[in-house]
Amino acid sequence: MTIKVLLINGSPRKEGNNSFLLSIAKEKLSNNYELDEVILQKMQQSACTHCDACHVDNRNNCVHTDDTNLLMNKVTNAEILIIATPVYWWAVSAQLKLFIDKFYSKVDLFQKTEKKLALITVGGAELDDPQYRIIDQQFECICKYLNWEYLFNFNATAYEAQEIAQKDNVINSFIACLDESFI
Ligand SMILES: Cc1cc2nc3c(=O)[nH]c(=O)nc-3n(C[C@H](O)[C@H](O)[C@H](O)COP(=O)(O)O)c2cc1C
């Protein structure tokens with residue numbers, strides 16, 4: 001059975017740096033993995049309101065009539081998640097935060113299901129900026145809480161859209177990172 005990988009693009013820029021890195025991942029993994037991709041900018045996601053309806057009678061579904069349940073079902077079906085986000089104000093993009101918050105609706109299921117998570121974080125600032133450590137710790141905590149394996153967090157510096165495409169050293173280390181974690 002082919003392993004299912006869900007690629008999650010948290011950037012609103014269609015031709016952005018995260019999209020570029022995800023396209024490399026798609027190219028590298030497409031032969032050996034079953035790939036699915038979501039571009040969060042294109043999805044309707046309302047913010048979690050902590051209404052807790054999802055936890056009543058083990059419904060595990062969000063009551064909001066947006067794309068939340070579709071997205072969470074994709075997470076349920078995937079064995080590996082590759083999440084890519086730009087750094088916005090020392091944090092993940094709003095689109096990605098909306099998505100992660102909705103993990104709440106299926107938290108019991110997610111905690112019982114083995115998954116692996118890889119993160120891509122692109123910011124304009126240099127790699128010694130605390131933002132990369134802050135985001136890394138957030139995902140370390142999320143994976144620990146959900147009992148998921150945190151595969152890697154690939155950080156890169158780029159500001160203009162597609163700037164990363166000019167950075168051969170970044171591309172090569174991203175490919176090496178993929179090679180280490182994926183067959
Ligand atoms: C609203 C906003 C906030 C940003 N905040 C940061 C930040 O805190 N740190 C940083 O390094 N870059 C910041 N940036 C720059 C982006 O992270 C950078 O341009 C990145 O390459 C965007 O990724 P993308 O091309 O995949 O969209 C910000 C950009 C925007 C639009």
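A: The buried residues of helix 5 pack against helix 4 (107-112), strand 4 and strand 5 (149-157). Contact here requires C-beta atoms, placed from the backbone, within 7 Å. Helices (H or I, at least four residues) and strands (E, at least two) are DSSP runs, numbered from the N terminus. This is a predicted model: local features need pLDDT of at least 70, side-chain atom pairs count only at pLDDT 80 or more, and totals for chains, interfaces and linings use all residues. Residues are numbered from 1 along each chain as its sequence is written.

Q: Which residues of helix 5 are buried?
A: Tyr 132, Ile 135, Phe 139 and Leu 146 are buried in helix 5. A residue is buried if 20 or more other C-beta atoms, placed from the backbone, lie within 10 Å of its own, exposed if 12 or fewer, and partly exposed in between.

Q: Where do they sit around the axis?
A: They are on the same side of helix 5, because they cover an arc of only 75° around the axis. That arc is taken from the directions from the helix axis to the C-beta atoms.

Q: And what is exposed on the other side of helix 5?
A: Pro 130, Gln 137, Cys 141, Lys 144 and Tyr 145 are exposed there.

Q: What comes just after helix 5?
A: Asn 147 does, with a positive phi of about 60°.

Q: Changing topic, which residues touch the most other members in the largest nonpolar core?
A: They are Ile 8, Leu 21 and Ile 82, in a core of 36 residues. Strand 4 gives the most to this core, with five residues. A nonpolar core is a set of buried Ala, Val, Leu, Ile, Met, Phe, Trp, Tyr and Cys residues joined through C-beta atoms within 7 Å.

Q: What is Ile 82 in contact with?
A: Apart from neighbours within four places in sequence, Ile 82 is in contact with Val 5, Leu 7, Ile 8, Ala 25, Ala 118 and Ile 120.

Q: And Leu 35, what does that touch?
A: Leu 35, in strand 2 (residues 33-39), touches Val 5, Leu 7, Lys 26, Leu 29 and Ser 30, not counting residues up to four places away in sequence.

Q: Why does Leu 35 count as partly exposed?
A: Because Leu 35 has 18 C-beta neighbours inside 10 Å.

Q: Lastly, which residues come nearest to the ligand?
A: Of the 18 residues around the ligand, these are Gly 16, Asn 18, Pro 86, Gly 123 and Ala 125. Helix 1 (17-29) and strand 4 (116-123) are the elements that give two or more residues to that shell, where a residue counts if its C-beta atom, placed from the backbone, lies within 6 Å.

How values were computed:
Contact = placed C-beta atoms within 7 Å.
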